[in-house]
Each structure stands twice: as C-alpha cells, then as structure tokens.
Amino acid sequence: MFEFSSIEQYHQSLQEGNITCAEAVAHYLEQIKKTGRLNAFIEVYEEEALQKARELDNQRRQARPLGKLHGVVIGIKDVLCHKDHLLTASSKILEGFTSIYSATAIERLLTEDAIIIGRLNCDEFAMGSTNENSAYGKVLNALDETRIPGGSSGGSAVAVQAGLCMVSLGSDTGGSVRQPADLCGIVGLKPTYGRISRYGLIAYASSFDQIGIFSKNIPDAALLLEVMAGADDFDSTVSERPVEQYSSSLTENKKYRIAFFNEALDHPSLDPEISKAMKGTLEDLRQKGHNVQPVEFDLLEYIVPAYYVLTTAEASSNLSRYDGIKYGYRTPVATDGLTEFYKETRSKGFGKEVRRRIMLGTFVLSSGYYDAYFTRAQKVRKLLYEKIKLIFNQFDFIFLPTTPAIAFRIGEKMTDPISMYLADIYTVMANLAGIPAISVPLYTHSSGMPFGLQVLSGRFNELSLLRVSNKLMEQYPKQK
Amino acid sequence: MAVKHIYETVIGLEVHAQLLTKSKLFCGDAIAYGAAPNTHVSPITLAHPGTLPKMNKKAIEFAVKMGLACHCEIEKNNYFARKNYFYPDLPKGYQISQHTTPVCKGGYISIKVNGTERKIRLNRIHMEEDAGKSIHDADDASTCIDLNRAGTPLIEIVSEPDLRSADETYAYLTELRKLLRYLDVCDGNMEEGSLRCDVNISVRREGETRLGTKVEIKNLNSIRNAKRAVEVESKRLVDMIERGETIIQQTRSFDADRSVTIAIRDKEDADDYRYFADPDLTPFLLEDEFIDRIRQSIPALQEERIKKYTGQWQLSEYDSQVLTEEKEIADYFEAIVQHTSNYKAASNWMTGPVRSWLNENNKEIDAFPLSAQKVAELIQLVESGKLSFSSASSRLLPYLIQHPSAQPELAAIEQNLIQQSDASSLEPLIDEVLTKYAEKVQEYKKGKKGVLSLFVGEVMKRSKGKADPKVTNELLLEKLKA
C-alpha cells in the first residue's frame, strides 16, 4: 500500500519503479471515498487526475524531462481559479460558475506537472475560523470528528491531515491557513504579502490575502512556494524580487535571535497548556544557545479590531461584483426594480457570516463613521507595521502561539461571533504587517489534539523562516 | 412677465474625455468604438472572480499632458480609489477613480468671447475608468448591457464656476475640445460619446456673492446643445425666482427636440460612495523626469502657432486663425511649407482649393489624396510661371486628386497646361488679335487704355489658356507702341 512521507521520497519511488503516478492517484481517490463523511472535498476530478497521472507515467518512461512537481497530487481550496472547472468559494452565489481562466499560482503548479485532484471545502469566501460557514456543509477534523478542523481553509487542512492528497493550497487573510494547520497537526505556511501572485485568487480582503500551503513537512512547503512565487504581469501588488531556491537550501546551523511577547504568552484567553508548552520550547532553545528575549508589545488588544474593520471594509467592496447580473446565482423571484433584485439575489446568495461582514464593512466606510473606524484602523496598522519593523531590526523571528485553544467542538461558537473573532488574536498580526508566518506542528495537548508553534519573520525572509521551521521539526519530533 | 431684476448665471462644467489609448485603463482589452457588443471583454473587464487591475501607463501620460497644457499643477504622489455603487453596467460594483486625489490641480483654459479674453479656472483633472453601456431600447422586455466600453480610460476636467453665459460655455467647450485634439489625447467626438459634458448651473441677482442653488444637466451630446441647455435652464431658473418659487437641487436632462430640461432626480442627499484607496493598485510616483518628457512632447498649441504664422511667416491674423483652427490642418500646412517658402501661396492653397475639396467631399484633411509635398510642387509650378494659378487649381489639382501618384509637372505637360511664355509662339496669336480688332487698336491709341485687357483675353482664348498673361501683356504693349 502507498504511503506518502515527502515529495522527495515519492519522486525517488517513482524513479525506482516502486510506484506510478496513476497508482498514487488511485490510492488518494480511494481514501477520499472512504473518508467522504469528513466533507473535505467539494469536487473530485477523478477521471481527469487519473488521465493526467497516466500521461505523466508515460513521459517518465520515455525519459523526458520531469517537472519539479511531477505527479505531485494537490488539492486546491475552492477560491482558486482553475480554467474550465467549477469555482464557488463555498457560496451559493457562485452556483454553477465555471472559471474561464487559471490563477497564476495554479498555472505554475500545472507547468511543473502537478496533478490537481479536486476542489476543497472552506468557509464561504474564506470568511470564518471553523469551516462551518460553507454552502457545502461543514468539514470534520479527522482526529476527532466532533471537532472543527479550523478555517477558513478547513478542507485543505483535513485533506493533508487525513492523507487525501500530498499537499494542498489554501488562502490566508487572517490565519486561514495557519490556524487550521495548527488544529489539524500539520504545517501551514503563509508567505509574505506579494510573494505569490493573487491573480485568480478570489478576493476577500485584497491587502491581506495571500495563497498559503499545507504540507506534512517543511521541504514540501518550500518546494511549492518556490514554484508559485515571483513576479506576475497580472498582479501589480506582487513583488518582482527574485525567488530563492528554498527547497534545496533548508539546512543551516545558526544561533538565532528570537523574540516573544509576554503579553501574548500570558494572555487570559490562552490555554495554559499551550502557554506552558511554548515557554518550555523557548527555554530549551535558550539553553541551546539561541538568543531568546521578551519584547514589549502593547498593540495586542488593538489588532483584532483593526483587522476586522479593514478586512470587512475591503470585503464589502470586493464582493460587490457578485450581483446576479453577469454570472452565478440570480434570484428566481420576479422583483420590482433593480434595488429589489440586488437585495433578493444577494440576501439569498450569500450566507449569514458573509452578509454580516459585508454590512460591517459598508458601515465602517460610511460617511460619519469612516474616521472613527476605517481611518483609525489604518493608523493601528501603520503603528504595527513600524513596531514589527523595529523588532526585525533586532531579531530573526517572533515566536507566538498559532491559536489560543485547541480545536473546539462543532457548533460551540457559532452563536458568538465576537469570541470567534478574538480567537484570531495571534494570526492576524502577520497579515496586517504583510510578513510571512508559519504554523509548525510541534505539540500534542492532553486531550490528544495537536497544536502548533507560530514563527514569524521579516518581509521576504521565507528562507530563514523555512530553515528554522525545519530545524524545529527535527529537534522536537512529535511523539506518536 | 417682465423680469424685475438683473440676474447673473453661474456655470461650472464637468467634462469627461475618453483617452485615445490603444487598450483599457486596467487591462489589455482593445478600445474599439462600434465593435459588436461584448467582444472586447476579458475576464478582467467582466470582473470575474479573482481578477485584478493592472495600470496602463499611457493613460497617465495623456492626463498629465492635458494638465500641463491647461497650466495645472501636477501631483506627484498618486493613487486610485474605489467609488462604490451598484449598477448593471458597472461590472465590479465599484469604479476605479482618482476622484479624491486628482493628478492635475488648478490651472485654467483661456476663452475669447466678443473680443474679450477670460481665463476659466479649472478645479482639477483626474483619471478614472468608464462604465459599460446600458441599452434600454434594444429589447422590449430587457435592458441590454454592452461592456466593451467598461474600463476605457477617461479624464474628467472640472472647471470652477467661472462661466457666466451660454456663449462662454460654448467658447469654453470649443477651446477644451480643440486642446484635447491638438494634444491627441481624445478625439473629441461628442456624438459618439468620447467627449461628454455635464453642466452645473445656478442663477443669482447681480451683486449677490453667494451662489444660488445649483442644478446639474447631464450628458449633453454636442457643444451646441450645451449652449442651448444653458440658455433654456437659466431662463427657467430666473422665471422660478421671479415667480417666488424655491429652486431645489436637481439632476436634469436636456431634451434637444423640445428645447426643455427635464428633472431626472432630486439630489437632496449626497450619495455615499465609500471611497477608499484601491488595495489592488500600488500608489505610484510621477518622477520629474517623466513630467518633463511629457512637457517636451506637447505639440505647439494654437496660440503659439498663430504667433509663428503672423510673425516669422508674415501671414495675416485671419489666415493664421483659420489655418490653426484644427491641428491636423495646421500640421498639413506646416508640411507644405517644409518644401516651399512661399507661405502666402501655401496659405491660399489651404484656405482655397484644399478647403473647398474637403468641404465638397465632406472629408477630413487626413483623407486628402495629395501629399503636402505635391501641393508644394504645384505652388512652385505657379511661382515659376509654368502654370497659371487658375489652371493649377481648377485643372491640374482635380487631375492629381484622381491620379495621386502622378508627378505634377509631368502631368501638367501631359495635360497640355504649361503656359506659353516665348515670344515666337505668342507673337502670331497677338498679330492675329490686333488685326481682327483693328478698330479697337485705334481706340487704344487715342487713349482708351482699357481695351488692353480685351486683347489679353483674346490671346488667352486663342492659346487655350496657356499663354503666360504677364509675357502676353508685355508683348502687346510693345506692339501697340509701334
């Protein structure tokens, strides 16, 4: 039976003839069928994936040059455009919509011979932390099916967690990759804002969104990043800085300068067990000779509100295009006039959480409230930006928890959006500041559930981030 | 009803001009007026999920060019904002616009009405993208949407409320359109909608310093209609005040057929467009070097050309004005004088035969079949006496228009148009004429000098128009002296 450990291993097995791409795809298709109750996939490209696998097997046999992601089986969050495939953002409003182009990131994966096996479930328009806000139903955490997998990229996390594909893509606007990775016990990487083109990624909040990667290990995440990152004519916000060969330069023996915030580790919302585990790791690293120091951080209470003001503002505008005129869902009800038509279409097409955020965002941009909310939140963002810059003048990394608690029970927080939003306290910082961050699966809770350590680095310093994460995973292997 | 007071009309204009870029403001779709509906629509124009705008640098260049020509201050730090509103022909649900931070500030456009020159101050010029078109009359049951136009780059030129009459409005729009055309920034075609005008108008008693309540008249489709709308609306507003009625802030449209304005909606509450900087487009800095390069690329404007024509080239004020009214005509004229220094003749050809041909055939100068160089050759043929002006303009020119590749001088020979100026071929004709009109010769000798023109005319007739009148004249005088 096929067992996946890393892309490198898989490529070796292919070369040695121990397995074929078609066999790998067949294996995953079977696993997906067996675990259908997890509801990770919205759609599986069964025939197409098998077909592609057979083509790749033929190419390999003919000794033709192989792509970097030859035969790598990837699942993609249903917010990424894939030409001639359905695309819904887990929303009714995009019912039946087929994308007529592919996202730059997807194009690049396909150019390197990846096999896309299906579309993954998520919170509607990537808004949520539990994957309970999906028009296609909730996703279950494979380690404990009574618990949420996290969100918004819940399907992407579970697909890797449950062995339904090798790696997967998500999107991270305020933690939507790192948080579910943490709750599912896998690696979740959010690169620097502008490292990977956003062209073809359905926008939630344009100045925050970034495509992220789920994997079982660091080298796989490094390889995917290397393939997808870099300049793109279709995105004016993407960086033109050259892309490093992350996957081939992961080993490094260096004493690091690590910052942590007491305000974060002693925060009342943080599970004491998580706090203790993290403090233990920091102490251990200090003893190993790394420079580990507390830094005063007084913005913690402001960043979640600032995040929600700014992201909902951008979202309220980004989601205006879903109006029932050009594509997607349109109300079947005969309406009296244009305004009624919009109201009816958008009220029925969008789910509750999305409607809530559109209204919040419209409110904070409205005249009379603009300065009190939007302008002030922008000021907080600027302050944070400056603060983070100062910290990275002195340190290589900031260590933070990824989430304040382990995966909670399904339905537990659906009625209390505020406490749900506050659980984003440790993840939104990286998006507000545009810096890269990763959740590294290091710990197991007494409940048996996993949780991770979050590492943040300076802008475009993915290489260091991946190196230290690799080191951490080697040094602190999880007890099985 | 007699008007009791004297009123002043206060007018400000908002003019939208479509820029002559090859592609749209934020994507590569071609701009094509009159193309089949929805044929220039990429996923970006259609606002498909996941698409992003990418700025067209040429559009910035055009906006800055117009700003410099209008003496505006150019803003170096720029960004685009989103103007949020719902309408079916606005695919993204927001318009990307510089509304809050225009690239050009201040400045003015000079106008001349009844010999008086005035500077009409501008508030600003900013860039934005156009919406698509809603077509309400193509289908009985539905409104049709054509998104070809969506995303076309526009500049909006906003004047201060400095205009005071319909004539000034007319002069301002004429001048503005001329500038746009001179700069090759916009084709200025109001019927096709590449230039659109909204009029803000209010009236007040003379001497009053506060502005009256303003009314906006939307989408005027010709300069003449803008002028008429101002006339009609200012009268309507004055009449209302005279009747003691209260003017409410309104948006109105002008019905050109009936010469009335019609209320579209009241504008009591300002719309809340929730502007914010578009996070998909990075702010951009205009370097001094970039602005200087544009400044240097600005073609000579009308005033400058008139100065040169009347000064260096010694043409009359009137001719210079006529020649420079359209940039393309002036360009053609200047191309002629590259090949001849007979400026006056070149001017006469442009305002005479060339203009007539354009008018008769309803064509623009770019459709004139002859190159400027050939026109210069015609001028030289006349100047050297080989051809009379009348046979050059009435016979050779039409021939050349039919045969644009023919050589003018060869064609003149072939067509037998070259003047006879050698005495040996003219003398027999002169002798013939003097013999036939012996009586008249006697009258001439008695002092009736006027009959000379009769002899010249007769010689011309006999030569079939080819006799050189000057030489003929000289030979006649000589013979008559004898």
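In chain B of this predicted model, the axes of helix α8 (residues 343–361) and helix α10 (residues 389–402) come within 12 Å and cross at roughly 40°; axes are lines fitted to C-alpha atoms, for helices over the stretch in contact, and angles run from 0 to 180 degrees between N-to-C directions. Helices (H or I, at least four residues) and strands (E, at least two) are DSSP runs, numbered from the N terminus. The angle makes α8(B) oblique to α10(B), given that angles under 35 degrees count as roughly parallel, over 145 as roughly antiparallel, 65 to 115 as roughly perpendicular and the rest as oblique. Contact (heavy atoms within 4.5 Å) involves W349(B), P353(B) and W357(B) on α8(B), and F389(B), A392(B), S393(B), L397(B) and I401(B) on α10(B).

From α5(B), Q302(B), R305(B), I306(B), Y309(B) and T310(B) meet E317(B), S320(B), Q321(B), L323(B) and T324(B) of α6(B).

Chain A contains an open sheet of 11 strands with mixed pairing, in the order β1-β3-β2-β4-β6-β5-β10-β11-β9-β7-β8; two strands pair if DSSP finds at least two bridges between them. At the edges of the sheet stand β1 (41–44) and β8 (291–294) of chain A, each with a single partner strand, so one side of each is left without a neighbour in the sheet. From one strand to the next, the twist averages 25°. Within chain A, β2 (residues 73–77) and β3 (residues 115–120) pair in the parallel sense over 5 bridges, and I76(A) stands opposite R119(A) in β3(A).

Helix α9 (residues 272–287) of chain A lies across β7 (257–260), β8, β9 (397–401), β10 (437–444) and β11 (450–457), running at about 155° to β9(A). Helix α16 (residues 462–475) of chain A also packs on the sheet, where it touches β5 (187–190), β9, β10 and β11, and its direction makes about 5° with that of β10(A).

Residues are numbered from 1 along each chain as its sequence is written, and chains are lettered from A and ligands numbered from 1 in the order in which they are written. In this predicted model, local features need pLDDT of at least 70, side-chain atom pairs count only at pLDDT 80 or more, and totals for chains, interfaces and linings use all residues, while side-chain values use heavy atoms, with hydrogens and water left out.
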